[in-house]
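Work through these exercises on aromatic rings with the structure at hand. Try each task before reading its solution.

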Amino acid sequence: MFFTVRFPFFKVVILLGLLPILLSCESNEKKGERLANTYCSSCHVFPEPGLLTKKIWETSVLPRMGVQLGLNTFDYQMDVHVNDLTTFIKTLPAAPVISENEWDHIVQYYKTNAPDSLAIPEPASVSELTQFDVSSFRFNQREQPMITLLYTDTVHQQLYVGTREAWLYKLDTKFTVKDSMYVRSAPSHLRISENGKAEVLLMGIMDPNDQPKGSLVNLDFESEEPFVLLDSIKRPVHFEKKDLNGDGLEDYIICAFGNYTGALLIYENQGEGKFKRIILNGQPGTRNVIVRDFTQDGKPDILALISQADEKVMLFTNEGDFKFKPFNLVRFPSVYGSSYLEVTDFNNDGHFDFVYTNGDNADFSIVLKPYHGVRIFMNDGNNQFKETWFYPMHGASEVKAQDFDGDGDMDLAAISFFPDFNHQPNGFLYFENNGNGFDVQTTPLSQSGRWLRMEAADIDQDGDQDLLLGALNFQPLVPDSTFSRWKETGSAILILRNKRK
């Protein structure tokens, strides 16, 4: 039996008329996706539309991306300080690299596929902290703390605290201030040299900028002025010392974070106070480095976290004579907000793994993000890394991996500078490794400040690792009630003394 289907003539005409429109819509959608993959992936990992909301893509991120492609999609003079304009303009193409029509397709693709809001999971249950006794310290009850540096010198039983106001304090282990010195700009990192003096990295200008006003200084509290070892560095945030070429002289590896420009730098020690500057990586945003022999060939290599635009973990293998071969180990979307990297061997197989935090929320997409948190990446033995664990933590900014409870496996401690102040204001989390995962703990005192820095050290010399958290209490994104409470009862330093027996 046969069935004949008859359509009225006018319906056929309408369907045929709609067909080109439907095909055109499909073509435009695919074209937008293709162009987005092509142009966005030329600089960094392709950011899926679902990473941000429609509004943020349309009004903030995409207009700024258009400028980077040579289009007049945003008045960048609103964002860029007048002192940085010349430098910023040099980072832009001389002519547009994309047509207006192609750009419109990309914008439409993100507007069509991005959500109206990001799905934020319900806060996980967290237990009361039992591994540490917690107390707090404050310099001055009348002023909000602005700590930019914490460093414990366990050899000399001293603690160094640096502030945004460009002061460096020296305390004893009872948290009595023993000395202080004005160092001209905010300190970001410190190491004790062989002669016992402090080598201090100064940011120059702490806020985002591209001005080469940072420096590395040798500091003696008994002298009036720091001795400048290296200068003209763009917003340096971290450094390490290592003899990279085996000549008996220690070289410096410096993270010049910058803003639109910056670099990972090596200063080759040529003796007699002379250094040769080498650009290891010319991208801005290097947050921290770990220097060790990762390839086990007898030469120190450099592992770095790049946290601006093309966010990634890079390994630079030492080929000798200050030649390094770069490898991208893991790359992240450009909106991830990478913030810190710590290396350890989680499974004791002799190959390095790493734990990573992402939670920088002071960019052009200030919104709670479900993908902010703490992640573990395991090494398969061939330096191929796979994410094996993730714990969501709004605004995660730093992590430490230590066997805090002494049971033979790695525990974690993490802080957040951008927590969910309204619903889950845990600025500190302790992850106790139970062999099958982590038991998560915190303390109510984690809500007594906005934690920018964390230090793990045996501050009381009893054989276990303690923790110090340093607060920098900026108010943006902080409710007025919380900020007022910090003024009255907040902490500058949270002291977590390990109770391991």
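**Exercise 1.** Is Tyr76 buried or partly exposed?

Solution. Tyr76 has a relative accessible area of 23%. Buried means under 20%, exposed over 50%, and partly exposed in between (1.4 Å probe, protein chains only). Tyr76 is therefore partly exposed. Phe88, at 2% relative accessibility, is buried.

The model is predicted: local features need pLDDT of at least 70, side-chain atom pairs count only at pLDDT 80 or more, and totals for chains, interfaces and linings use all residues. Residues are numbered from 1 along each chain as its sequence is written, and side-chain values use heavy atoms, with hydrogens and water left out.

**Exercise 2.** Classify the ring pair of Tyr76 and Phe88.

Solution. Rings of Phe, Tyr and Trp (its six-membered ring) pair if their centres lie within 6.5 Å; planes under 30 degrees apart are stacked, over 60 edge-to-face, the rest tilted. By this rule there are 33 aromatic pairs. For Tyr76 and Phe88, the centres are 5.2 Å apart and the planes stand at 55 degrees, so the pair is tilted.

**Exercise 3.** Classify the pair of Tyr356 and Phe377.

Solution. Take the distance: 6.2 Å centre to centre. Take the angle: 80 degrees between the planes. The pair is edge-to-face. Both Tyr356 and Phe377 are buried. They also belong to a cluster linked by ring pairs, including Phe294, Phe332 and Tyr336.

**Exercise 4.** Which ring does the charged end of Arg64 sit over?

Solution. The criterion: NZ of Lys or CZ of Arg within 6 Å of the ring centre and within 35 degrees of the ring normal. Arg64 sits over Phe364, 4.1 Å from the ring centre. Arg450 lies over the face of Phe417, at 4.3 Å.
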